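Please look over the sequence and the model below.

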Amino acid sequence: MIRLTVNGKEQELDVDPQTPLLWVLREQLRLTGTKFGCGMAQCGACTVHVNGTAQRSCVMPLAAVQDQQVTTIEGLAPSDDELHPLQQAWIDEQVPQCGYCQSGQLMSAASLLASNANPSDEEIDAAMQGNICRCGMYGRIKKAIKNVAGVGYFDPARGEV
Amino acid sequence: MGKWTRRAFITTGVVAGGGLAIGVALRPGHRTPELAPLVSSDDETLVNVWVKLDSKNVATVIVPHSEMGQGAQTALAQMLAEEMDADWDLVQFEEAPPVPEYANYLLGYGIIGEVPKVLVPTFDGLMIKVAQSMAMQITGGSLSIRSTGQYGMRIAGAAAREMLVEAAAQTWQVPAAEIQTEASQLIHAASNRRAPYAEFAAVAAQMQPPSSPSLKSADEFRIIGHHVQRRDIPSKVDGSAQFAMDVHVPGMVYATVQRAPVFGGGVDKLDASAAKQVKGVIDVVTLPGSNKEDPFSGRQNIGETVAVVAEGYWPAKQGLNALAVEWNHYGRDSMGSDEIFAQFDRDITAGVERENDRLQGDVSMALENAAQVVEAEYRVPYLAHACMEPMNATAHVQNGQCELWIGCQNPLGFRDAVAEALGMEPGNVKVHNHFMGGGFGRKANPDYAIQAALLAQKVQRPVQLIWSREEDIRQDYYRPAVRSRFRAAIDANGEVASWENTYVDKHEPAEAPLIPYAVGSQDIGYVASPTNIPFGAWRSVDHTQHGFFTESFIDELAAAKEVDPYEFRANLLRDKPRHLAVLNKAAKEAGWEQPLAPGRGRGIALQESFGTLVAEVVEVTVTDGDVKVDRVVAAVDPGLAISPDGLKAQIESGIIYGLSAAMFGEVTIENGAVAQSNFHDYQILRMQDSPVIETHVINSGGPVGGAGEPGTPAIAPALANAVFDATGSRVRQLPLKNYDLKFRIEESDEVA
Ligand code: FES
Ligand code: FES
């Protein structure tokens, strides 16, 4: 039996402890917002928070999160009728296309802003470099993060070339 | 003709106005029980097959295209709502069920009595004979808006509005001409009457639909061309959006597969004993290969597959890893990328059975009289689609019926393919289509659905099949590798007198290799050079390869003449005002005239595809041989942008997709199999490599073009041309990562 807390709720699971957290979330707990993209920590689609920090759940054995606090996209918003500011910014900037990568993008961005409220461009790039968006929405993702961070966004129409 | 209650609908199948002017009319007596579920509650009325109204005045638009992120469903609903004069806040939409009434080809037949030309060359496949009675409910070829939207949605919306007006006129006993519509309300000003559409839905549904409802002109648009929020987005920020892999069917088990790594291979020996020891493994199954004629891609060699069914994906994967398989390669394991390109080279040189795309003027004469002859040869590799969501499908087969939960670009075609594989009537297969985590052409091919269905049939339980990323990269229907050879004559006056081009393998769209430039003599053609590698449509199909070739070569001609590449193109486009306009716009917005610092470069390219014209300017900085793409400026003329922000998002997306391929994308063949396997060796562009993108839209008023694909073709040549501007090295092969730009490339034909 492995015990852990997922989105504030205690869980006790009788699963092979080597099973990656991703599959436990999706199959046992039916939290399907966390996505499978590569299975080898290359794409970020499976990103969740473990004790508030972004981690790739596809390579994290269940045993490693024994007694830890796990947060998934379903638990990112502060309550059922509120959105996390990043989720609102994602809607405002119309970020998602297919949307498949976006749970992971949001979890990585939320982890970044939690530890660095005012990231520079380079810091955003570094924090987000593990998250692939095959639909290529990097510009919108960056803009949405900056909107929440409350820093100005380089506007190409006005900026120098 | 009965009232449009659900019951009347089911029992008689009489759908007054079903399909309206668009030729999918469901004739009296035509039994269509499949449509019944569309009316899901008793207070709903189907006004025509494209729209229903409920008692709260909410209009639900039924959209016959899948959503893979391109926002097509929102844009199509906008088109119907516009003509219907609906209140956008009271409009919702749902995807049409995969039944023949919603097939695009019927739509096409209905409009003009034959399949519209836009469908034949551009829809998502290669070598397609639309004349076959095949099922197409394709989302691809950028045709949702152009075809369904223009010919289906707008007409259906306008017809619905006219029927509602007529219904109100009869009830109120006033002339129809005195009734106005606005925001889902019917208004008769003289008698001060106003009522919601819903009040007249039932009456309207009994009416004869107008045969040619009148459409609005562009200056009357209030929803088309205006910004609306995409309706699918909120569910995509909180994890609630349902992709096919997110379904849970009671009693479901999981499966994963490996197909013969050498295409067309078979299972020689299989030892499943270790796999069956893995806790949670239920069964090990071998699935058949196929090499039958595929309507989408011609004949493709698809090998046998081993599958492991288990209590979860993880044990299934562990089981698959534990399988000891010996494959029979049938002698196809000697081919590699080098041999394939060498074969292309031989076949181009031999020119056997060369066919022409365009033959005009006298190319030999031009070459004879040339003051200068310019030659170049280009090549591009195979590419995988690498949709963010790996292939997956969930199936349940019982009592002669199959249910399929899937995200796909062609639900109707999938239904038929699965039915055939299971030996069922198509009507016994029920398809639930979901959001796709990317499609890009890959999810028009039903191989993964067939696998899931066969597994479910075998184990007699619902099965969720999930491919590993490795399987996704290694068992794709690849963008074909192409080699393309050019020769041009420049005459004594400095004019380009001839353009000669031969490439391998003709696919779709037919016009992809054609140039818009005013060159008198042209000989553009191809030879066949088939390989054993499965191929399929990849975002913008052949435009991505030919766009790179032709827009690189035109740049080389400008360089040979020592003329600015933008002005050179502009001069050759003097009789093409729409082309010239996008070219000028991109150059102007990019600040083409402004000088750049040393080590920086600018490149331009232009490609029309799927009815949309796109010019792109790329700016790069090259430091120690490393290319950083700083900025991309795109000018786009789609005729009319239905959803301006949606169009921009699609162009941004198409640019990044194409840039990722141009910089990193390469599938190589070694010993008959794909060498790459996951994102560490099939590299994808990431945030730190992605440029600032500016998109400028020109609404020229031309026919409405596509959005999902046209952003892609121009980016690779614009990048290569920018690298040339910065370094003097001409990039004739993709991807760029294979070049060492620390050194000036003199002879750039071979870099591998
Ligand atoms: S699925 Fe975990 S990083 Fe890709
Ligand atoms: S939105 Fe499709 S992969 Fe990011």
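The side chains of Asp232(B) and Lys236(B) are joined by a polar contact of 2.8 Å. The model is a predicted one, and each value given here is computed from it. Asp232(B) sits in a loop of chain B, between helix H6 (201-205) and strand S8 (253-259). Is Asp232(B) buried or exposed? Its relative accessible area is 6%, so Asp232(B) is buried, the cut-off being under 20%. Leaving aside residues up to four places away in sequence, Asp232(B) touches Glu67(B), Thr74(B) and Phe435(B), and it also touches Gln97(A).

That last neighbour leads to the interface of the two chains. How many residues does each chain bring to the contact? Chain B contributes 64 residues and chain A contributes 51 residues. The size of an interface is often given as the accessible area lost when the parts come together. Between chain B and chain A the buried area is about 4,700 Å², and carbon and sulfur atoms give 59% of it. On the side of chain B, the residues that lose the most area to chain A are Val237(B), Met388(B) and Met687(B), which together make up 18% of what that side buries.

Polar and charged pairs also cross the interface. The rule finds four salt bridges between chain B and chain A. A salt bridge links the side chains of Asp246(B) and Lys35(A), with an N to O distance of 2.5 Å. Polar contacts across the interface of chain B and chain A amount to 24 residue pairs, with both residues at pLDDT 80 or more.

Which elements of chain B supply the side that touches chain A? Helix H8 (313-322), helix H13 (469-474), helix H17 (644-663) and strand S29 (692-697) of chain B each give at least two residues to it. H17(B) provides the largest share, nine residues. By residue class, the side of chain B that touches chain A holds 28 nonpolar, 19 polar and 17 charged residues.

The last stop is a strand pair in chain B. Strand S6 (residues 185-188) and strand S7 (residues 193-196) of chain B run antiparallel and are joined by four bridges. His188(B) has Arg193(B) in S7(B) as its bridge partner. S6(B) and S7(B) make a hairpin, with four residues between the strands. In the turn, Asn192(B) has a positive phi of about 60 degrees.

Notes:
Residues numbered from 1 in each chain as written. Chains lettered and ligands numbered in written order. Predicted model: local features only at pLDDT ≥ 70, side-chain atom pairs only at ≥ 80, totals over all residues. Heavy atoms only, no water. Contact = heavy atoms within 4.5 Å. Buried area = accessible area lost by both parts, 1.4 Å probe. Polar contact = N/O pair within 3.5 Å; in protein donor to acceptor, adjacent residues only side chain to side chain. Nonpolar A, V, L, I, M, F, W, Y, C, P; charged D, E, K, R; others polar. Pairing = 2+ DSSP bridges. Buried < 20%, exposed > 50% of the residue type's maximum accessible area, 1.4 Å probe, protein only.
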